[in-house]
Amino acid sequence: MDYIKLTQEKLSVDEASILATHPSCGAISLFVGTTRNTFQGKDVVRLEYESYIEMAEKEMKSLCKVARKKWPLKHIVIHHRLGLVPVKEASVIIAVSSEHRRESLDAVSYLIDSLKAKVPIWKKEIYTDGNSDWKKNKE
Amino acid sequence: MDYIKLTQEKLSVDEASILATHPSCGAISLFVGTTRNTFQGKDVVRLEYESYIEMAEKEMKSLCKVARKKWPLKHIVIHHRLGLVPVKEASVIIAVSSEHRRESLDAVSYLIDSLKAKVPIWKKEIYTDGNSDWKKNKE
Amino acid sequence: MASQVQEVAGGMTEREVSVSVLFFAGARDLAGVERSAITLPVVTTPEQLLARVVRSFGELDIIRDSVIISLNQEYCVPGQELVLSAEDEVAIIPPISGGV
Amino acid sequence: MASQVQEVAGGMTEREVSVSVLFFAGARDLAGVERSAITLPVVTTPEQLLARVVRSFGELDIIRDSVIISLNQEYCVPGQELVLSAEDEVAIIPPISGGV
């Protein structure tokens, strides 16, 4: 099953890992992206995310499809938070279950890389000096 | 900080991810190893883990040291459950935080591989037919 | 939004259609709107489409080299032939920054 | 557990010491005990040490090719020279299976 969610609510690592759990699977790998408190020496107060939601969901589903062609996976969870995200809280959680560990480890790595490259979501950093910037994923 | 724990208590993904969280880090990668319900066609009722605890702790600390030489990491959490572990519950949780995602993804992968290869912990599978077997990590 | 026929330079006619264009993040800040109906050629490319959008929203000129066009929630490829109709949804996609 | 001197074949003397040996998992099941004090040569190798342990706990013979010896919570390397003293802790480590 693919569990895809874009939400204004706080994300939960426990929720993602419970969704990914399956009795036939020995492995769940997760990635949690959290807000950092500095960017190039400037103090970040908070982040704001927005998304082209319809398209983001389509792209996420298509990433899941590609991942499932590459590896035998059970459940895939992709949760992305939108709106204001305070420092230390998660902006994205990816969880993947598989029978053996290698597949889920590789799939999580692939999914976060591809999400950053392809899914239309934008992050604005708001600094303590009142300025803000739309960011751009370099990688 | 290295957080190492061998415990009879149920493991918590949330606890591990909270321990790993740090405001300077944008990434937390986690691996959760869970009991599977079958092994080579036999139904597994439960697993039982035992450990040479003193040595296991030493080995885990030494894995952390090696991982920190390989990658810039913030926190490392290695929690392993001992005693009876019912199907679907976690036997091991590894969580690593880093400034950027690549380091923590690679470190988690390294740590679970090395843990399975080097840390003196043994698993006994108990089947529905009443038989049981001490397992052996192949990889 | 019915399609129209318009006289273009050189005397050829070019069929046009009015489609929804969405602006996100920095593009929205510059355009000053989230969504607009813009009249575009029925047969076009992402580059021509973007040129038309920039003609209507001049502020977008400073980011035109970094944006990507999507049509009906799919990324367009440079030079791709696009055939637009009135129900289509175009979006101006500035560099993305999801994930961490 | 004071060290002793014992007459060995060829007339040479071999110093011995009694150390704690721990048995885990399958090794414990076969030995029937978790821990035992075993008299071992002061200067030895993991292979000689294991042979002595198997002499005391014959059931271990069936897994002797798959176990590893640890000394004071460190894995021993095959052929490594070990110098034992009374406070040392030796363990018989069957194939491990931690993690998933």
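Start by selecting Asp106(A) and Arg102(A): both sit in helix 3 of chain A (residues 101–118), four residues apart, or about one turn of the helix. (Helices are DSSP runs of H or I with at least four residues, strands are runs of E with at least two, and both are numbered from the N terminus.) Before you click on, know that this is a predicted model, where local features need pLDDT of at least 70 and side-chain atom pairs count only at pLDDT 80 or more, while totals for chains, interfaces and linings use all residues. Residues are numbered from 1 along each chain as its sequence is written, chains are lettered from A in the order in which they are written, and side-chain values use heavy atoms, leaving out hydrogens and water.

Now show the two side chains. Asp106(A) and Arg102(A) meet in a salt bridge at 3.8 Å, N to O. That term means a side-chain nitrogen of Lys or Arg within 4 Å of a carboxyl oxygen of Asp or Glu.

(Buried is under 20% relative accessible area, exposed is over 50%, and partly exposed is in between, with a 1.4 Å probe and protein chains only.)

Asp113(B) is partly exposed, at 27% relative accessibility. Select Arg101(A) as well: Arg101(A), Arg102(A), Asp106(A) and Asp113(B) are linked in a network of salt bridges.

Zoom out to the whole interface. Here 33 residues of chain B are in contact with 34 residues of chain A, contact being heavy atoms within 4.5 Å. How many salt bridges cross it? The rule finds four between chain B and chain A.

Then colour strand 2 in each chain. Strand 2 of chain A (residues 27–34) pairs with strand 2 of chain B in the antiparallel sense, over seven bridges; to pair, two strands need at least two DSSP bridges between them. Pick Phe31(A), and you'll find its bridge partner Ser29(B) in strand 2 of chain B.

Last stop: Arg81(A) and Glu89(A), whose side chains meet in a salt bridge at 2.6 Å, N to O. Arg81(A) counts as buried, at 8% relative accessibility.
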